[in-house]
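Dear colleague,

Please find the structure below, together with its sequence. My notes on it follow.

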Amino acid sequence: MKRLLDSVCYISILLTNFITKMLLSVMVFITFILVISRFIFSYSFPWVEELTRYLMVWLVLLGAAVVLRIDKHISVNFFSDYFSKTLKTILNIIFQLLIIGYLVILTVVGYRAANMMWILKSPSMGFPLFWVYLALPVSSVMMIVYAVNQIIDYVSGLINKSANKGGCEG
């Protein structure tokens with residue numbers, strides 16, 4: 001089970017890294033084209049700013065999932081530096097469980113919001129805003145998988161640590 005979860009996380013990270021790089025590249029390219037068209041041809045594409053905004057939503061939420069997986073979110077560790085390694089690990093498990101609880105709520109609410117957006121169309125491009133709002137439940141589910149994987153890593157680290165303490169060591 002752990003191997004399967006690790007494989008899913010690994011493939012997901014590779015895919016998400018590729019997608020975020022593509023989203024950023026598309027954003028830069030179309031923004032560059034917009035700037036050129038405004039200054040050289042005095043013409044502005046009405047859909048570019050809107051598309052860039054929607055791509056940014058996806059980029060940020062997918063990036064947040066990746067950052068959660070590699071455990072690089074901003075954190076305050078002033079007090080935790082004084083804790084033992086075991087207590088830090090237990091606190092990290094508790095924090096991950098709290099994060100999962102929040103993400104479950106975010107997934108449900110995000111999916112409901114996305115479903116309501118089928119009837120609304122984007123102003124200049126005309127596609128359903130469902131696709132923009134879908135970024136929230138998709139990234140939340142990804143973060144739940146990553147948080148569960150981290151909890152498994154923390155627990156296995158605690159078990160291995162306690163297993164190493166017992167027995168006869170010469």
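A patch, as used here, is made of residues with over 30% relative accessible area and no salt bridge, where like charges are joined within 9 Å and nonpolar side chains (Val, Leu, Ile, Met, Phe, Trp, Tyr) within 5 Å. A salt bridge is a side-chain nitrogen of Lys or Arg within 4 Å of a carboxyl oxygen of Asp or Glu, and accessible areas come from the Shrake-Rupley method with a 1.4 Å probe, with only the protein chains shown counting as cover for residues.

This is a predicted model, in which local features need pLDDT of at least 70 and side-chain atom pairs count only at pLDDT 80 or more, while totals for chains, interfaces and linings use all residues. Residues are numbered from 1 along each chain as its sequence is written, and side-chain values use heavy atoms, with hydrogens and water left out.

Surface patch. Val-76, Phe-78, Phe-79, Tyr-82, Phe-83, Leu-87, Ile-90, Ile-94, Phe-95 and Leu-98 form a nonpolar patch on the surface, and together they have about 1,100 Å² of accessible area. Leu-98 belongs to helix 3 (helices are DSSP runs of H or I of at least four residues, numbered from the N terminus). The relative accessible area of Leu-98 is 57%, so Leu-98 is exposed (exposed means over 50%, buried under 20%, and partly exposed in between, with a 1.4 Å probe and protein chains only).

Helix 3. This helix covers residues 85–116, 32 residues in number, and reaches 46 Å from its first C-alpha to its last, close to the 46 Å expected (1.5 Å times one less than the number of residues). Its buried residues include Thr-89, Ile-93, Gln-96, Ile-100 and Leu-103. Tyr-111 is also found in helix 3 and is partly exposed, at 44% relative accessible area.

Cores. A nonpolar core is a set of buried Ala, Val, Leu, Ile, Met, Phe, Trp, Tyr and Cys residues joined through side-chain atoms within 4.5 Å. The largest has 23 residues, of which Leu-23, Trp-58, Leu-103, Met-143 and Tyr-146 touch the most other members. Two or more residues each come from helix 1 (2–41), helix 2 (46–69), helix 3 and helix 5 (135–165); helix 2 gives the most, with 9 residues. Leaving aside neighbours within four places in sequence, Tyr-146 is in contact (heavy atoms within 4.5 Å) with Cys-9, Ser-12, Ile-13, Thr-16, Ala-65, Val-66 and Arg-69. A second, separate core of 5 residues includes Ile-100, Ala-147, Ile-151 and Tyr-154.

Yours sincerely
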